[in-house]
Amino acid sequence: MGDQADRQPTSRRIADELRAAIISGELADGDKLPSERELAARYAAARNTAREAVGILQAEGLAVAQHGRGVFVRQRRPLMRMGRERYSRRARAETGLAPFRIEVQKQGKTPHTECRSVTRVAPPADVAERLGLGDGDEVVRRENWYFADDEPVQVGVTFIPVTIAQGSPLATEKKLGRGSIYQRFEDLGHPIERIREEVCARMPTPEEFKGLAMPPGVPVIEVLHTSIDDKGRPFEVTRFVMRADINGLDYEMAVED
């Protein structure tokens, strides 16, 4: 085993030892990694070798570079998405806030959202299927970007049948007022009663990589969310794309007999 370790590239050996220190907690969230100069001196290696080692950790999502400051251990406590609690009518009534804002504030961060577009389009095939739409049916498409402490964490694109959204703020307005989107649905006779969420992981598109300011090598979590009202009717589908290094999912559900 020792001979095999000796034959490893020095950059890999440096990365392995730094990774072990991160996993053990010796290097904690937010700690600064040794500089390239310090690593080169410690391991009797070239600066380029030290740079390669740090690059391995960045590609694995364990470290992040901050311009002009150095490289730091990435925070590993994820921003949790509370699948069952996030659509609570009680929480919305008490706070007047949208689900994302409620979650982020509960976790000690400052939320910020930007609705960047409201348009009318033909729905993607998977969205049309979940909404029970036919050929020629259109949807209102709302694109929202979500931030925690000014860091981009996810993008959500919501699709609403035109037959539901037309004539309401959902079809035209970027800001939806107290209670946000789910209060507007309730005003239209579509209280959220059940949800279906289909979850997968994949690598980001170039646009997502840039827009979410993602580090190299980090995947995204994609959640295809469908809202269902008290009459069993699906009334909106939202495709959430979330940074996997920042977000986590927390679901609690009853088990059927």
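**Close-up views of a predicted model**

**View 1. Thr-49 sits in helix α4 (residues 47-59).** The model is predicted: local features need pLDDT of at least 70, side-chain atom pairs count only at pLDDT 80 or more, and totals for chains, interfaces and linings use all residues. Residues are numbered from 1 along each chain as its sequence is written, and side-chain values use heavy atoms, without hydrogens or water. Helices (H or I, at least four residues) and strands (E, at least two) are DSSP runs, numbered from the N terminus. Thr-49 is buried, at 19% relative accessible area; buried means under 20% (1.4 Å probe, protein chains only). Beyond its neighbours within four places in sequence, Thr-49 is in contact (heavy atoms within 4.5 Å) with Thr-10, Ser-11 and Ile-14.

**View 2. Helix α9 (residues 180-187) has buried residues.** These are Ile-181, Tyr-182, Arg-184 and Phe-185. They lie on the same side of α9, because they cover an arc of only 155° around the axis. The arc is taken from the directions from the helix axis to the C-beta atoms. Just after α9, Gly-189 has a positive phi of about 90°.

**View 3. β3 (79-82) and α6 (99-106) each supply at least two lining residues of the largest cavity.** A cavity is a set of points on a 1 Å grid over the protein atoms alone where a 1.4 Å probe fits but cannot get out; lining residues have an atom within 4 Å of a point. The lining includes Leu-79, Arg-81, Phe-100, Glu-103 and Met-242. By class, the lining has 5 nonpolar, 2 polar and 3 charged residues.

Notes
1 Å grid on protein atoms, 1.4 Å probe; cavity = no way out; pocket = protein on both sides within 12 Å on 5 of 7 lines; lining within 4 Å. Nonpolar A, V, L, I, M, F, W, Y, C, P; charged D, E, K, R; others polar. Buried < 20%, exposed > 50% of the residue type's maximum accessible area, 1.4 Å probe, protein only.
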